[in-house]
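My notes follow in the order I checked things.

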Amino acid sequence: MWWLILLGAIVLFLMVIVLRALRFRPGAEQKAVPAPVAVDGEKAIADLQAMIRCKTVSYYQEGLADEAEFERFRALLKTLYPRVHEACAPERIGKSGLLYTLRGKSSDRPAVFMAHYDVVPANEALWDRPPFEAVIEDGMLWGRGTLDTKTTLCGVMEAAETLLAEGFVPENDLYFAFAGDEEIAGDTQPAIVETLRARGVVPALVLDEGGAVVENVFPGVAQPCALIGIGEKGMMNLRLSCAGAGGHASAPKPHTPVGVLADAVVKVENHPFPRRLTKPVAEMFDTLGRRSSFAYRVIFANLWCFLPLLDLICKRSGGELNAMMRTTCAFTEMKGSSANNVIPPEASVGANLRLIGGETIDSAIAYVERAIGNPAVKAEFVQGMNPSKNSETRGYGWETVKRAVSETWPEAVVSPYLMVACSDSRHYCAISDNVYRFSAMALTAGERATIHGNNERIPLDKIVRTVEFYLRLMKRC
């Protein structure tokens, strides 16, 4: 008789998970009809070329940046966009900040559009085309900053210039906030935030770089996905070190500082941080999981049962999906002896942690120390910041951005997601509950791989599409 009860329980369990999967479908949505917008594509491309030719490379080391190139870029904006500068000449804030204030009919729902005009260095010898000559070839514009993020800055300014030529007055105040030190986590955007706070500005939406329109990023989903970051992970750098007596390598003790440290690294890697299902990831699973193939809908409709299985897959595969589920730790700079036959008196290794929501700097350090379990290994805090708060996915801010995305890429599924990298947008969480991270481009995996890498480039039609997006968004603000 007991086996009948067991069989009945198994059948009931299977019925529940299958029924939940069958009902796990997207709700009815009105299909977006793209509003026609007129873009001078040749001008947008030529203007972006001119921006790329400004070698605005930022460095952590003081004095390495060519300040003349940054000044050249700022002067270029005035030349390229005379109507914007006539209507709302920018304020210089901080070392590199430009804050444009375009007054609207109301100040009730102000919007902030962000971008940065500094770029990371480029190893020119490894590029197929020069990174700062803005070469156009086979329908592609080559150059450092084409994806990160001079194209979005260009999109904002082209849209504003176009609309002002038509006599456009926005419904609400618009702010364009540009910085030249985002790549080095500079103080410019925090200074702009403090300026806006002092003026009583509470943005109804803030838009910065982040997600994009991408394909093949979620299991079982064939459609392109427009991923809008509603939160971002924190970041922390640790220095793990171990001291010893040092000495000649011909007579080593059983464990050298390097060996002890290597053991510590392996222990941390073999004990990943526990999973945390945060709001951005839970909402992404709900949105995209409903559009997955049936086998994956069984999993995402029944996370109450299959979350441990999904967690195991994430831990073993690594990558971005795993990074959205937990705090990650990547070991980077390792230092020891300067000679092959000398045991170092101290060895150290850098650890870069990306903190999931709910984690803190203190809790992450404590977890690393527990995983290592060896007081001989010291964990020294170098720098860091806690995760951002999460933004709303209901109401004016979210719906305004979502509508503009859907009208520009109607084939894409719009979904929240968690940004695993860091951006300047986190500073705006202090004055707004509606901070969104979306780079207005449809990017292939190959194109995304060139960000901060070699041969960064963008198809010309995607430059025009970025301008179209900002035209639609500004009209809705």
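Which residues in H2 meet which residues in H5? I found Lys-43, Ala-44, Asp-47, Leu-48, Met-51 and Ile-52 on the H2 side. On the H5 side I listed Lys-150, Thr-151, Leu-153, Cys-154 and Glu-158. By class, this contact has 6 nonpolar, 1 polar and 4 charged residues. Contact here means heavy atoms within 4.5 Å. For the classes, Ala, Val, Leu, Ile, Met, Phe, Trp, Tyr, Cys and Pro count as nonpolar, Asp, Glu, Lys and Arg as charged, and the others, Gly among them, as polar.

A note on the source: this is a predicted model, in which local features need pLDDT of at least 70 and side-chain atom pairs count only at pLDDT 80 or more, while totals for chains, interfaces and linings use all residues. Residues are numbered from 1 along each chain as its sequence is written, and side-chain values use heavy atoms, with hydrogens and water left out. Helices (H or I, at least four residues) and strands (E, at least two) are DSSP runs, numbered from the N terminus.

**Entry: H2 with H5**

I checked the geometry next. H2 covers residues 41-52, and its axis comes within 10 Å of the axis of H5, with a crossing of roughly 135°. Axes are lines fitted to C-alpha atoms, for helices over the stretch in contact, and angles run from 0 to 180 degrees between N-to-C directions. H2 and H5 are therefore oblique to each other. The cut-offs: under 35 degrees is roughly parallel, over 145 roughly antiparallel, 65 to 115 roughly perpendicular, and the rest oblique. I noted the crossing of H2 and H5 as right-handed. A crossing is right-handed if the near helix is turned clockwise from the far one by less than a right angle, and left-handed if anticlockwise.

**Entry: H5 itself**

I then followed H5 along residues 150-165. H5 has 16 residues and reaches 22 Å from first to last C-alpha, close to the 22 Å expected at 1.5 Å a residue. The expected span is 1.5 Å times one less than the number of residues. Is H5 mostly covered or uncovered? It is mostly covered, with 14 of its 16 residues buried. Buried means under 20% relative accessible area, exposed over 50%, partly exposed in between (1.4 Å probe, protein chains only).

Thr-149 sits in the loop between strand E5 (140-142) and H5. The peptide bond from Asp-148 to Thr-149 is cis, with omega near -15°. After H5 comes Gly-167, with a positive phi near 80°.

**Entry: H2 with H15**

H2 also packs on H15, so I looked there. Their axes come within 9 Å and cross at roughly 105°. That makes H2 roughly perpendicular to H15. Gly-41, Ala-44, Ile-45 and Leu-48 in H2 meet Leu-460, Ile-463, Val-464 and Val-467 in H15.

H15 (residues 460-476) also holds Arg-472. Is Arg-472 buried or exposed? At 8% relative accessibility, it counts as buried. Leaving aside neighbours within four places in sequence, Arg-472 is in contact with Pro-34, Ala-35, Val-37, Ala-404, Glu-407 and Thr-408.

**Entry: H7 with H12**

H7 (residues 257-270) and H12 (residues 361-372) pack at about 115°, axes 8 Å apart. H7 and H12 are therefore roughly perpendicular. H7 passes H12 in a right-handed crossing. Ala-264, Lys-267 and Val-268 in H7 meet Val-368, Ala-371 and Ile-372 in H12. The classes here are 5 nonpolar, no polar and 1 charged.

Most residues other than glycine have a negative phi, and most peptide bonds are trans. I noted Ala-134, with phi near 55°. Ala-134 lies in the loop between strand E3 (106-116) and strand E4 (136-137), and at 2% relative accessibility it counts as buried. I also noted Asn-216, with phi near 60°. Asn-216 lies in the loop between strand E7 (205-214) and strand E8 (225-232). Asn-216 is exposed, at 65%.

**Entry: Lys-95**

Lys-95 is in the loop between strand E1 (91-93) and strand E2 (97-102). At 54% relative accessibility, Lys-95 counts as exposed. Beyond neighbours within four places in sequence, Lys-95 is in contact with Glu-62, Glu-67 and Thr-188.
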